[in-house]
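Visitor: I would like to learn how to read helix packing in a model. Can you take me through one?

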Amino acid sequence: MNQVFDLVMLALLIAMALAVARSKDLVAAAMIFSGYGLVMCLLWQHRGAPDVAMTEAAIGAGVTTILVLLAIGRTCRREK
Amino acid sequence: MRKSLVAITIAAAAVPMLIGVAGLPRPGDPSAAVHTHVAARYIAEGAHETGADNLVTGVLLNYRGFDTFGEVMIIFAALAAVMAVLPRGATGLPGAGAASGIPISPIVAFIIRLTAPFIAAFGAFVIFKGHVSPGGGFQGGVILGALLMMLSLVLGRGVDRPLIPARSARWLQAAAPLAFFAVGVLGLGLTGAVLGYPAEPGRELLRELMMIFLEIGIGVGGGAIILGLFLETRGE
């Protein structure tokens, strides 16, 4: 059961990472990356690292997304 | 000329690092120090030696306090780099306008005002409870920073009325390195080692206070730096 959860989460992570890399819409990529942070947070928690999970939830899924969105706001939304 | 200077600087930084990495034990090597006695020592003696009920905090602030000092310096350097790279008072490219004068929705503003005190209390809880439970300065600081980011959307209005005045903001952003410096020097005076903690019986309270001071410094500094990154990126 433990293994199944990890494998599903890891598969999700790989799919999301590919989606971020392939997306031409940078705002969509930023949102998917936020979801990546959230899944990573669940994985940390499940692996028994609540400290890292909290950091990942706050920074990976939260603050980083906002900073990336702000950076996109100062440049251009679509990748050329 | 300039390019060769950059190349030389990068090489001067990279070569010692690569030599250091090459000297590390192979991942999973059973004879590596961490598998033979270091981890076992932390688990067996950590609670007694560090006085921290949470082993992660014990490692972070006591055994590897110097590493954590480096970490807060990296976060501080990140803000300094952003401030150096981004022009001051710039509002971004024409037509981009993430922050340029779009009024915030009253629903969002109300929710931010409603949740702010709870988020602040939770952030402080995570900082102070870092001793005994998962959490600590870094996590609580990010929660406080996210709160300040949200509040600056509602309350702060540009350069004229910032949420935190620029002068105090500079000091707050340096809070984590300053706290480490203060505790490091205090430890030097008390024990003869930088970031040393008094371990003899009867000094537990002092040790506890030093660690809580560090946690608060990391939390306040982290929060202020995240707010600074947000404001700088937004162009204020």
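This is a predicted model: local features need pLDDT of at least 70, side-chain atom pairs count only at pLDDT 80 or more; totals for chains, interfaces and linings use all residues.

Visitor: How many helices and strands does chain B have?

Guide: Chain B has 9 helices and 0 strands. Along the sequence the pattern reads α-α-α-α-α-α-α-α-α. The C-alpha trace of chain B spans about 60 × 55 × 35 Å along its principal axes.

Visitor: What share of chain B is buried?

Guide: Of the 236 residues in chain B, 29% are buried.

Visitor: How do I check the length of a helix, say α9(B)?

Guide: Compare an expected span with the distance between the ends. At 1.5 Å a residue, the 31 residues of α9(B) should span 45 Å. The end C-alpha atoms of α9(B) are 45 Å apart, which agrees.

Visitor: At what angle do α8 and α9 of chain B pack?

Guide: Read the angle between their axes. Helix α8 (residues 175-191) and helix α9 (residues 204-234) of chain B pack at about 160°, with axes 7 Å apart. An angle over 145 degrees counts as roughly antiparallel, so α8(B) is roughly antiparallel to α9(B). The crossing of α8(B) past α9(B) is left-handed.

Visitor: Which residues make that contact?

Guide: From α8(B), they include Ala175(B), Leu178(B), Phe180(B) and Val183(B). From α9(B), they include Met210(B), Phe213(B), Gly217(B) and Gly221(B). By class, the contact of α8(B) with α9(B) has 13 nonpolar, 3 polar and no charged residues.

Visitor: How is α7(B) oriented to α9(B), oblique or roughly antiparallel?

Guide: Start from the angle again. The axes of helix α7 (residues 166-173) of chain B and α9(B) cross at roughly 125° and come within 7 Å. The two helices are therefore oblique to each other. Ala169(B), Leu172(B) and Gln173(B) of α7(B) make the contact, with Val220(B), Gly221(B), Ala224(B), Ile225(B) and Gly228(B) of α9(B). That contact of α7(B) with α9(B) has 5 nonpolar, 3 polar and no charged residues.

Visitor: Which residues of α3(B) are buried?

Guide: First, a general idea. An α-helix has 3.6 residues a turn, so residues three or four places apart point the same way. Now the case here. In helix α3 (residues 55-63) of chain B, the buried residues are Thr57(B), Gly58(B), Leu60(B), Leu61(B) and Asn62(B). The buried residues of α3(B) pack against α2 (33-50), α4 (65-85) and α9 of chain B.

Visitor: Is Ile226(B) buried or exposed?

Guide: Count its neighbours. A residue is buried if 20 or more other C-beta atoms lie within 10 Å of its own. Ile226(B) has 28 within 10 Å, so Ile226(B) is buried. Ile226(B) lies in helix α9 of chain B.

Visitor: What does Ile226(B) touch, beyond residues up to four places away in sequence?

Guide: Ile226(B) touches Val63(A), Val142(B), Gly145(B) and Met149(B).

Visitor: How many residues of chain A are in contact with chain B?

Guide: In this interface, 15 residues of chain A are in contact with 21 residues of chain B. On the chain A side, the residues divide into 9 nonpolar, 4 polar and 2 charged.

Technical notes. Residues are numbered from 1 along each chain as its sequence is written. Chains are lettered from A and ligands numbered from 1 in the order in which they are written. Axes are lines fitted to C-alpha atoms, for helices over the stretch in contact, and angles run from 0 to 180 degrees between N-to-C directions. Helices (H or I, at least four residues) and strands (E, at least two) are DSSP runs, numbered from the N terminus. Angles under 35 degrees count as roughly parallel, over 145 as roughly antiparallel, 65 to 115 as roughly perpendicular and the rest as oblique. A crossing is left-handed if the near helix is turned anticlockwise from the far one by less than a right angle, and right-handed if clockwise. Two residues are in contact if their C-beta atoms, placed from the backbone, lie within 7 Å. Ala, Val, Leu, Ile, Met, Phe, Trp, Tyr, Cys and Pro count as nonpolar, Asp, Glu, Lys and Arg as charged, and the others, Gly among them, as polar. The expected span of a helix is 1.5 Å times one less than its number of residues. A residue is buried if 20 or more other C-beta atoms lie within 10 Å of its own, exposed if 12 or fewer, and partly exposed in between; C-beta atoms are placed from the backbone.
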